[in-house]
Amino acid sequence: IIGIYPLFRDKQETGALLVLKDRTASVQMAEQLTGTNHVIEALRANTHEFKNELHIISGLLQLGETSQALAMIEDNGSLQNSGSAILNQIENKTIAALLLGKQNRAKELDIDLILQKDSHLPAHNPFLHTKEEITIIGNLIENAFEAIGNDASVRNINVFLSCTEEGITISVDDTGSGMTPEQIEKIRAGRFTTKGEGHGNGLKMIQEIVRRKQGYLEIESEPGEGTSFTVSITSQAKEAHA
């Protein structure tokens with residue numbers, strides 16, 4: 001990406017300054033800011049999971065293992081029912097697709113990602129735009145994946161989404177490594193990440209949305225017991241922002 005800026009001397013244009021920026025870095029930052037990366041990853045996970053299952057069923061049929069192939073098809077039907085439950089609870093189809101993709105990604109990581117049965121999210125709400133919902137939900141789930149890692153014996157993530165006339169609540173609980181009070185304070189100050197230098201932008205973007213909407217970010221955690229992140233945007237905050 002090139003920016004061109006004219007140079008003047010005594011009101012006469014004498015040349016130009018060219019500023020070259022790495023397009024890849026700019027695109028990556030734009031995807032983070034809009035949440036596009038989470039949607040793309042979700043779609044890739046859905047496609048990858050579907051192709052894997054088709055290849056396995058095809059292989060079983062070629063080997064003459066029709067009973068196993070039928071069993072897998074029936075099992076796939078139960079997975080579709082799980083997807084139908086998400087579609088019934090989440091009317092915003094972009095968010096539903098995001099959750100389905102994260103579920104498939106969780107399956108690859110041997111993690112059980114569950115959308116709580118009492119969750120509900122309308123197609124639109126006055127508290128958050130879809131892009132903001134993607135940024136919050138996508139980053140909280142990715143942080144939960146990171147927290148669970150490869151060593152946790154219990155590998156669960158619970159997601160709760162709720163929207164009423166009073167406000168919207170997004171909560172993600174994991175059974176990962178947990179955090180100390182000092183680490184939580186560093187997160188609130190925007191100075192903590194488990195992903196190395198140059199990472200950790202996800203939580204910062206969530207905090208920026210919460211500040212802009214005058215909402216709340218609650219963090220509950222115990223080392224070795226897991227972590228719960230809850231974002232709440234209330235009608236009072238919406239009115240104050242307006």
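How many helices and strands does the secondary structure of the protein chain comprise? The chain has 8 helices and 7 strands, where helices (H or I, at least four residues) and strands (E, at least two) are DSSP runs numbered from the N terminus. The model is predicted: local features need pLDDT of at least 70, side-chain atom pairs count only at pLDDT 80 or more, and totals for chains, interfaces and linings use all residues. Residues are numbered from 1 along each chain as its sequence is written, and side-chain values use heavy atoms, with hydrogens and water left out.

**Figure 1. The nonpolar surface patch of strands E1 and E2.** Ile2, Ile4, Leu18 and Leu20 make a nonpolar surface patch of about 450 Å². Strand E1 (2-9) and strand E2 (12-20) are the elements that each give two or more residues to this patch. Patch residues have over 30% relative accessible area and no salt bridge, and nonpolar side chains (Val, Leu, Ile, Met, Phe, Trp, Tyr) are joined within 5 Å. A salt bridge places a side-chain nitrogen of Lys or Arg within 4 Å of a carboxyl oxygen of Asp or Glu. Accessible areas come from the Shrake-Rupley method with a 1.4 Å probe; for residues, only the protein chains shown count as cover.

**Figure 2. Leu20 in strand E2.** Leu20 counts as exposed because its relative accessibility is 65%; exposed means over 50% relative accessible area, buried under 20%, and partly exposed in between (1.4 Å probe, protein chains only).

**Figure 3. Ala189 in the loop between helices H6 and H7.** The loop holding Ala189 lies between helix H6 (181-188) and helix H7 (201-212). Ala189 has 46% relative accessibility and therefore counts as partly exposed. Its C-alpha atom is separated by 9.1 Å from that of Lys204, 15 residues apart along the chain.

Technical notes
Patch = residues over 30% accessible without salt bridge, like charges linked within 9 Å, V, L, I, M, F, W, Y side chains within 5 Å.
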